[in-house]
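Please look over the sequence and the structure shown here. A short report on selected parts of the fold comes after them.

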Amino acid sequence: MASSLKCSLCSKPATVHLTQIVNSKVHKLDLCEECAKAKGVTDPAGFSLSGLLLKASLNTEDAGASPRCEQCGFALNDFRKTGRLGCPHCYETFNALVAPLLDNMHKGTTHTGKVPQKALARKSLYDRLTTLELDLSEAIKTERYEDAARYRDEINQVKQTFGGKPAE
Amino acid sequence: MKSTKSNKPSGENPRNNPPATIASLLATPPELADDTTGKCAIVLTTRIRLARNLAGHRFPGRAAGAQRAAILETCREALAATAPLKRAAQASIDELSELDRQILVERHLISRELSDAKNGAGVVISPDQTLSIMINEEDHLRIQALRAGFQLKNTWAAIDALDTALEDHLDYAFSPTLGYLTACPTNLGTGLRASAMMHLPALVISGQMEKVVRAVNQLGLAVRGLFGEGSDASGSIFQISNQTTLGESEDTIIKRLGSVLHTIIEHELNARARLVENDAPRLHDKIGRAYGILQHSHLLTSGEAMNLLSLVRLGADLGCFPETSRSLVDRLFIETQPGHIQHHATKPDLDPAQRDAFRATLLRTEFAAFPPPDFSGNTDAKTQNDGQES
């Protein structure tokens, strides 16, 4: 190992070494004098190490690969610019990037609060219906009529639970 | 309690009334100034907001005009179908004048961000102004419940019920591990921000506020001025709220905030007691001068008015003014803001100097019949009615 540490931002020799505790997690950072000044490290009141780490990790991400969200076309660079995501699906697309940020940002990384029970129940019924309908058409295509009849009964059952709402 | 202008319009039977409109809300005094404020001297208002998005739709910042318009329509219908919002006022932001929007911001019913939003942004406000829902702000829905005084539990109950009722009509974007999915990862999980507006004049006067802010920040809570990020703390009013939303339940977040608020209340009460004990002449001088200026000045900026009103409020807490005067002060905190002053004035487009004159006139009128401060030694007991969450 080299004797002197390098600046985490510009890789000059680091002379400022920071340790900050955020949400009981220890963050360490080594900076050269210029970067330390530029980031306002010398002003203890207005400086957040986690904010700096967030930006640093965003910038070191491999920009070449730059995946796009298949549902909204959102790219990594957009997130860097705005700090916001494009659609709910982005959380799956950019999970590898977002997940480590959450650790610094929140008390935990797993939701433990309220769950929209009614909406989720509705969604699982809807998903079940879609699967059954696919199974049904597949069964008809391959002339498995006994299976088809069973699927049809199940579909009717699910629709009844829905209150007859999705007619298709 | 004696009737003041801050009371809700009397004789209204909500069942027979037509839906509220934004114009009718603007003509009504802000909910902030409800009489219940008198019950808790230090916490002016409690506010909780939930960030929610619809599954399978782009977040507002990424959505095209037509998509935003469709979301607005879907959300409006869903909101109108819930019991507390049956008679709610609703508007698209582009239908509202700049002044109307400013007044809504001053009442904390919409954010500055929504006020500046263009097409597809909307707001729905319950007739009593305790619920306001922003549509297509940063998230599809920003649901907010507002109560006068220190009422975390009641406020949570109200907003939780509305949120659950909305589930009947809307499919929220939700992940079992990340919770409610929001445009900004800082709101993930519960999407909940609970905040209290606190009046902390003694901590400011005795120079302890910086220390309090630092300690509160270390506990993962944010401290802001009256109008949120970047606003100054004129009137010694501070907003204290949770910063993290993921990894803890709503209940835990609210309890943790509540216990910190109790501690801050205690510190404020101690600081008041010390001021009364060690520095009564300086304290009485400040309160007396504030009273004099409010009764006799002819030019007042909103910042100065806030600071003077803050001292009168402190005086009321210390027993120098009648207990009932607190609700007048709380109403004036809002009604002396620039948008409200412009709204009260009959002349259009006042410049800042004319507004300052109008504001001073309004305050001279309000304080003309106000009793002079009574410093006859009872300035310690009245502060003890605090710290209890109602």
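The model is predicted.

**Contact between chains**

Chain B touches chain A through 33 residues, which meet 30 residues of chain A. On the chain B side, these residues comprise 12 nonpolar, 14 polar and seven charged.

**Domains of chain B**

According to the domain assignment, chain B has domain 1 (17-37 + 45-189), domain 2 (201-277) and domain 3 (279-367). The centres of domain 2 and domain 3 of chain B, taken over C-alpha atoms, are 24 Å apart. In the contact of these two domains, seven residues of domain 2 of chain B meet 12 residues of domain 3 of chain B. Helix 8 (residues 250-296) of chain B contributes the most to the domain 2 side, with three residues. That side is made up of three nonpolar residues, three polar and one charged.

**Strand 8 of chain B**

Strand 8 (residues 192-199) of chain B is mostly covered, with eight of its eight residues buried. One side carries B:Leu192, B:Ala194, B:Ala196 and B:Met198, and the other carries B:Arg193, B:Ser195, B:Met197 and B:His199. Its pairings are listed here.

| Partner of strand 8 of chain B | Bridges | Direction |
|---|---|---|
| Strand 1 (residues 43-52) of chain B | seven bridges | antiparallel |
| Strand 10 (residues 237-242) of chain B | five bridges | antiparallel |

B:Met197 in strand 8 of chain B stands opposite B:Thr45. B:His199 has B:Ile237, in strand 10 of chain B, as its bridge partner.

How values were computed:
Residues numbered from 1 in each chain as written. Chains lettered and ligands numbered in written order. Predicted model: local features only at pLDDT ≥ 70, side-chain atom pairs only at ≥ 80, totals over all residues. Nonpolar A, V, L, I, M, F, W, Y, C, P; charged D, E, K, R; others polar. Domains from an automatic or database assignment. Helix = DSSP H or I, 4+ residues; strand = E, 2+ residues; numbered from the N terminus. Buried ≥ 20, exposed ≤ 12 C-beta atoms within 10 Å, placed from the backbone. Pairing = 2+ DSSP bridges.
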